[in-house]
Amino acid sequence: MLGMRKIFAVVVCVLAFQVTQPAHAQESNLITPIPGPVVRRFDAPNPDWQPGHRGIDLLGYPGETIIATAAGTITYAGNLAGRGVLVISHGELRTTYEPVSPTVKVGDYVTAGQEVGKLNSGHSCSGTTCLHLGLKRGDEYLDPSSYLNHGTVRLLPAEAAEIANRNAAARENALVNGKGIPGLLSMPTAGAIGSGFGMRLHPIFNEWRMHEGVDIGAPCLTPIRAAAAGTVEQVSYDESGGNRLIINHGMIGGRTLRTHYLHATSYQVQVGEHVERGEVVGKVGSTGWSTGCHLHFAVSVDRRQVDPAGFL
């Protein structure tokens, strides 16, 4: 009888330990797979089959290196519905990455910060290039942002820091040299680019002038959408630009990025208001020095005008 009591006590202790110890994957913080900011947040579908956003979108550029958010085992690396998908199991949790070209294969064990793929273009992130990061526990979708490590100091492989520095340097060099980052911004309205960036014969004054943006042809009252998430910095009117809007998108690659929207019929946002990528901010018009309905779209880096085409 005494022996049975000892066995029972041991079993109770083991069960109690298992109940009180959380899964290691739940305890662990995730590191961001690319350094870009979150441009679309998690929006849990309710119920599961309803529309929503089952993850977060991180701003990136084609060919950018993607690193594992935590240690785990590759359980899927291939094409799914026409795009490259990578899945890493971290025990109770699993992360998904798309669209990617995997540099690992199923069954590989990876450490936090290890390269696992390259970012592909094509994710429908309001026209830009983004990495979609998903997180699941069983069939439950979780918000990756709540698990991302924003403050805790972690020891990562030396190559992780090197990759992050290299990516940041490439982005800053592109901005400094005015080359742009393809896919960084989405098209602000539905239409085709007519007059491009550079010297041109002014259609009203018939003299050669610098055209510090691109003209996108679209019918009047066509919606104008924010090219990226940011804060409305200016809503004004002037003789040349007509109804003018400026959105500040903050620091990208160590440089302040702004987008400028001219000639609108009207704008429906106010100074200081936060706007999301793709959010309607106004309607195409022909105010100011304009010969017809269109949107003049400009981009400035640290207040220096650059060619918007390099960012779309």
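A strand, as I use the word here, is a DSSP run of E with at least two residues, and strands are numbered from the N terminus. The model I am reading is predicted.

**Entry 1: Overall make-up**

I looked up the secondary structure and found three helices and 24 strands in the protein. I then noted that buried residues make up 43% of the 312 residues. I also looked at contacts between residues at least 6 apart in sequence, and 64% of them join residues at least 24 apart.

**Entry 2: Val-281**

I located Val-281 in strand S22, which covers residues 280-283. Is Val-281 buried or exposed? I record Val-281 as buried, because its relative accessibility is 0% and buried means under 20%. Setting aside neighbours within four places in sequence, I listed the contacts of Val-281: Ile-224, Arg-225, Ala-226, Leu-245, Tyr-267, Gln-268, Val-269 and Val-275. I also checked Gln-270, which is 11 residues from Val-281 in sequence and 9.4 Å from it in space, C-alpha to C-alpha.

**Entry 3: Nonpolar cores**

I turned to the largest nonpolar core, which has 32 residues. Those with the most contacts inside this core are Leu-185, Ile-224, Leu-245, Leu-257, Tyr-261, Phe-297 and Phe-311. Which strands each supply at least two residues of this core? I found S15 (214-217), S18 (242-252), S19 (255-264) and S23 (294-301). The largest share, four residues, comes from S23.

**Entry 4: The largest pocket**

I read off a volume of about 490 Å³ for the largest pocket. Its lining consists of 23 residues, and Arg-200, His-211, Leu-262, His-263 and His-296 lie nearest its centre. I sorted the lining by class and found six nonpolar, 12 polar and five charged residues. Strands S14 (208-211), S19 and S23 each supply at least two residues of this lining.

I looked at His-263 by itself. His-263 lies in strand S19 and is buried, with a relative accessible area of 6%. The phi of His-263 is about 75°, a positive value although the residue is not a glycine.

**Entry 5: The disulfide**

How many disulfides does the structure hold? I counted one disulfide. It joins Cys-220 and Cys-293, whose sulfur atoms are 1.8 Å apart. Cys-220 lies in the loop between S15 and S16 (223-225), and Cys-293 lies in the loop between S22 and S23, so the pair ties together parts that are 73 residues apart in sequence. For another cysteine, Cys-130, I found a relative accessible area of 0%, so Cys-130 is buried.

**Entry 6: Backbone details**

I checked Leu-221, which is in the loop between S15 and S16. Its phi is near 80°, a positive value in a residue other than glycine. Leu-221 is exposed, with a relative accessible area of 54%.

Last, I looked at the peptide bond from Glu-98 to Pro-99, which is cis, with omega near -5°. I placed Pro-99 in the loop between S6 (93-98) and S7 (100-102).

Key
Residues are numbered from 1 along each chain as its sequence is written. This is a predicted model: local features need pLDDT of at least 70, side-chain atom pairs count only at pLDDT 80 or more; totals for chains, interfaces and linings use all residues. Side-chain values use heavy atoms; hydrogens and water are left out. A nonpolar core is a set of buried Ala, Val, Leu, Ile, Met, Phe, Trp, Tyr and Cys residues joined through side-chain atoms within 4.5 Å. Buried means under 20% relative accessible area, exposed over 50%, partly exposed in between (1.4 Å probe, protein chains only). On a 1 Å grid over the protein atoms alone, a cavity is a set of points where a 1.4 Å probe fits but cannot get out, and a pocket is an open set with protein on both sides within 12 Å along at least five of seven lines; lining residues have an atom within 4 Å of a point. Grid points are joined across faces, edges and corners, and a volume is the space filled by probe spheres set on the points. Ala, Val, Leu, Ile, Met, Phe, Trp, Tyr, Cys and Pro count as nonpolar, Asp, Glu, Lys and Arg as charged, and the others, Gly among them, as polar. Contact means heavy atoms within 4.5 Å. A disulfide is a pair of cysteine sulfur atoms within 2.5 Å.
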